[in-house]
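The following exercises concern the structure shown below.

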Amino acid sequence: MANRERNKKILLELVKLQDNSRCADCRAPDPDWASYELGVFVCLNCSGIHRSLSSRVKSIRLDFWEDKLVQFMKSSGNANAQALYEKAVPPYYYRPQQHDCNVLREQWIRAKYERKEFTGETKYPPVSYSTGFYEGMLWKKGKENTQFLKRKFVLSEREFTLTYYNKENESKGPKAVIAIKDLNATFQPQKIGHPHGLQFTFQDNDHTRNLYVYHESAEEIVTWYNAIRAARYAYLKTAYPTGTDEELIPKITRNYLKEGYMEKTGPLQKEPFRKRWFILDSQNRKLFYFKEQLDAEELGVIFIGTESNGYSVKECVPKHARGNKWTCGVSVETPERQFVFMCEQEREQREWLEALRKVMSRPMAPQDYTSEHDFTILFIQINKKKPQHS
């Protein structure tokens, strides 16, 4: 019993050290599990992935630790393991964080410890995401329906394009050629309804277009994701030759700050409220809204500037509520008009207010002013042609 308590105390002191105080794999704070094969301290979620890979794990607080295992943990630790297993992680390779989906965290752990992709040793053949060219089949949702069909995708870093084909008509040429310049990729397992669901977003003339895809293989879909990140990184290095990795890496791909349903009314605030799916893209300072969450194209988009430029957000109770089922109001003021949305719950209302204020509090970059100007011109042109309600 004395040894048990002594060893537990030693482990609890080890996990307080700076290098060990976050999960070795997803950086979650205060890990309370450890792999005694690898000598790393990990969080509960990552410990489950390690266990599924037949790596031996124990709870620091609940399990019995033999003296020799404690000595191994003292001589190892997260820093030593990272120096070995993360010695040569490419700058574009996505390092999952604690709230990322399971497929990203699992494949990161497998890539590090099982496939040993980052030890710096020359591999032949090279790992697929590092070659600058990748092709294969992905299940893609139809633009006008919910059916997923297999489609061939080809990624070319040299041409900075992602191309896909209709399987039945591949000989007729590509269905679409997407510029890497405008491409974003983000995992959306819950939204797509598949644990490997991936969303591609890009500019298609005046619209933002979404493609929803998945692959049965977890390794394959994460390879696609990192191959796209590699191509995006190469493009950014070309477009911004003086940019540092610290500046460019956050621009490679991004998750959206907030998504969800709200009800929306028109510019007079007398039109019936309609339920819409909203996506807040904080990097581009745009709030998109769609009829449904898996729609290919948006119904509209709202540029989100700064408070000093005439943008604001607050709680509200609309004067002429009609057709709304929800009661928690959000008002977004822009130089062009006021937008009124209704949330189902106060929690959702608070989250939208916080997310929108976060974007408004961030200073606008030079390209943001260009985007705002272009958006204003487009807004005026559109509203000369049709009513402001979608």
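A residue is called buried when its relative accessible area is under 20%, and exposed when that area is over 50%. The model examined here is predicted.

**Exercise 1.** Determine where in the protein chain confidence is lowest and where it is highest.

Solution. Begin with the chain as a whole: its average pLDDT is 90, and 93% of the residues score at least 70. Next, consider the individual elements. Helix α10 (residues 366–385) has the lowest confidence, at a mean of 62, whereas strand β8 (residues 184–187) has the highest, at 98. Where pLDDT is low, the predicted coordinates should not be read in detail.

**Exercise 2.** Explain why Cys 26 and Cys 43 are too far apart for a bond, and state whether each is buried or exposed.

Solution. First, recall the cut-off: a disulfide requires two cysteine sulfur atoms within 2.5 Å. Second, the cysteine sulfur closest to that of Cys 26 belongs to Cys 43, at 3.7 Å, which is too far for a bond. By this rule, the count is 0 disulfides. Third, turn to accessibility: Cys 26 is buried, with a relative accessible area of 1%, and Cys 43 is also buried, at 10%.

**Exercise 3.** Describe which way the side chains of β8 point and how β8 pairs with β9.

Solution. Start with the directions: Asn 184 and Thr 186 point one way from β8, while Ala 185 and Phe 187 point the other way. All four are buried. Then examine the pairing: β8 and strand β9 (residues 198–204) are antiparallel and joined over 4 bridges.

Notes
Residues numbered from 1 in each chain as written. Predicted model: local features only at pLDDT ≥ 70, side-chain atom pairs only at ≥ 80, totals over all residues. Heavy atoms only, no water. pLDDT = per-residue confidence, 0-100. Helix = DSSP H or I, 4+ residues; strand = E, 2+ residues; numbered from the N terminus. Buried < 20%, exposed > 50% of the residue type's maximum accessible area, 1.4 Å probe, protein only. Pairing = 2+ DSSP bridges.
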